[in-house]
Amino acid sequence: MYLPRFAYERPTTLRDASTLLRENAFKNALLGGGTDLLPRMKYGLAEPERLISLKGLEVAPPKILSEGELRLSGALTLAALASSPEVAQKAPLLAKAASKVATKEIRNVATLAGNLCQDTRCLYFNQSHTFQFVEPCFKRGGDFCYFVPKGKKCWAVYMSDTAPALICLGAKIEVTGSKGATIIDLENLYSGDPKHPLNIKHDDIVSAIIVPRSRGSQGCGFSKLTMREGIEFAALSVAVLLETTDDLKTCSRARITLGSVSSAPVRGLKGESLLEGESISKPLLKDVVREICKEVNVIPHHGYSRSYIAGMLKIEALNALTRAVNQLTGGR
Ligand SMILES: Cc1cc2nc3c(=O)[nH]c(=O)nc-3n(C[C@H](O)[C@H](O)[C@H](O)COP(=O)(O)OP(=O)(O)OC[C@H]3O[C@@H](n4cnc5c(N)ncnc54)[C@H](O)[C@@H]3O)c2cc1C
């Protein structure tokens, strides 16, 4: 499997990267670590004529700002995130999720922004099409779905591990485009449209990720279901962040976000509101899991049936919630 021919630029400043990207925007693609984009190019699923690599930029290390926020460069590698003392202190949920992405080799080059901006995936789409499919599927611009042959829409799934964690943390992203930098909630980056999953323009760069300061004592849990551990995308992932009042029992804020169940990360909103303002107990956690399973309509994907993912959601959600509670109470 070979890469097609392409031109390559390696700007050294964000401004130059942004300028280059705007020249003939639709023929360019941003390149972080390339671990999502290059395989798609090899399969003929992305055909940029020029890659604008962000590897020439100086990457600021994770920084705790004076207000207590954590600022992360979009070009930070997942390995750097997972081993950063600042991230461990301010956003351990993100460190955990980053450490669960793919393999060490991939994490050494893959970037945080690339992880957040990865494309949606489908067992039938992420293949070489030269020998497989005559009729293009919805995601390739056609009007057919190989996964659901009578389906009227694309069923591709968004599978980033760090996005659910960052959404729980209430992260914002800095987007650098033609009009300078703007800040948006990470949750609003995702359109929910599997064909065009991101709400940013083709020439926008996710330049930084900002994690707000925590408001109280926090406990977090991240649970990822895969068949073969390391080199696999999640069949399902669950990120949980719980904040408590001083007594460490009453939940003042709960955030639960699921990955790999839909075309965007999905919040377990009803589960969150069951927890908020309540005293945390084992029976309550079980009610929360029941509520999440009722409210979230999981999409089957990559050979995992809907009933398998829904069944495992009960286990993985309880795992993540229990980890968060244990972290808060020290296991008491
Ligand atoms: C074997 C294998 C296993 C994997 N397992 C997992 C897994 O378990 N979990 C998981 O989440 N991912 C997984 N991945 C996918 C991928 O490796 C990661 O998502 C990785 O973090 C992507 O980052 P990158 O820097 O390599 O992205 P790239 O491939 O460089 O870019 C990905 C997309 O984002 C765009 N992009 C890059 N940087 C920016 C930016 N700053 N602003 C805007 N757009 C940008 C690119 O144009 C491209 O469309 C796996 C990949 C492989 C090959």
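These legends describe close-up views of one predicted model. Residues are numbered from 1 along each chain as its sequence is written, and side-chain values use heavy atoms, with hydrogens and water left out. In this predicted model, local features need pLDDT of at least 70 and side-chain atom pairs count only at pLDDT 80 or more, while totals for chains, interfaces and linings use all residues.

**View 1**

A polar backbone atom of leucine 37 is 2.7 Å from an oxygen atom of the ligand. Aspartate 161 uses its side chain: one of its N or O atoms there is 2.8 Å from a nitrogen atom of the ligand. Glutamate 232 has a backbone N or O atom 3.0 Å from a ligand oxygen atom. On its own, the ligand has 970 Å² of accessible area, and the protein covers 89% of it. Accessible areas come from the Shrake-Rupley method with a 1.4 Å probe; for residues, only the protein chains shown count as cover. Helices (H or I, at least four residues) and strands (E, at least two) are DSSP runs, numbered from the N terminus.

**View 1. Cysteines without a disulfide.**
A disulfide is a covalent bond between the sulfur atoms of two cysteines. The cut-off here is a pair of cysteine sulfur atoms within 2.5 Å. The whole structure has zero disulfides. The sulfur of cysteine 137 has its closest cysteine sulfur in cysteine 154, but at 6.3 Å this is too far for a bond. Cysteine 220 is in no disulfide either; the nearest cysteine sulfur, in cysteine 168, is 9.3 Å away. Buried means under 20% relative accessible area, exposed over 50%, and partly exposed in between (1.4 Å probe, protein chains only). Cysteine 137 is buried, at 11%. Cysteine 220 is buried too, at 8%.

**View 2. An open sheet of four strands.**
The strands stand in the order E9-E10-E11-E12, and the pairing is antiparallel. E9 and strand E12 (266-267) are at the edges with a single partner strand each, so one side of each has no neighbour in the sheet. Two strands pair if DSSP finds at least two bridges between them. E9 and strand E10 (residues 236-244) are joined by nine bridges. Cysteine 220 stands opposite leucine 241 in E10. Seven of the nine residues of strand E9 (residues 217-225) are buried, so E9 is largely enclosed by the rest of the structure. Eight bridges link E10 to strand E11 (residues 251-259). Valine 240 has isoleucine 256 in E11 as its bridge partner.

**View 3. Arginine 255 and its contact.**
Arginine 255 is part of strand E11. This arginine counts as buried, at 18% relative accessibility. Its side chain makes a polar contact with the side chain of glutamate 276, at 3.2 Å.

**View 4. Two residues with positive phi.**
Most residues other than glycine have a negative phi. Alanine 102 is not a glycine, yet its phi is positive, about 45 degrees. Alanine 102 sits in the loop between helix H5 (92-99) and helix H6 (104-109). Serine 260 also has a positive phi, near 60 degrees. Serine 260 lies in the loop between E11 and E12. At 1% relative accessibility, serine 260 counts as buried.

**View 5. Phenylalanine 125 in its loop.**
Phenylalanine 125 belongs to the loop between H7 and helix H8 (162-168). This residue is buried, with a relative accessible area of 4%. Phenylalanine 138 is 13 residues apart from phenylalanine 125 along the chain, and their C-alpha atoms are separated by 9.5 Å.

Conventions
A polar contact is a pair of N or O atoms within 3.5 Å; within protein, one must be able to donate a hydrogen and the other to accept it, and residues adjacent in sequence count only if both atoms are side-chain atoms.
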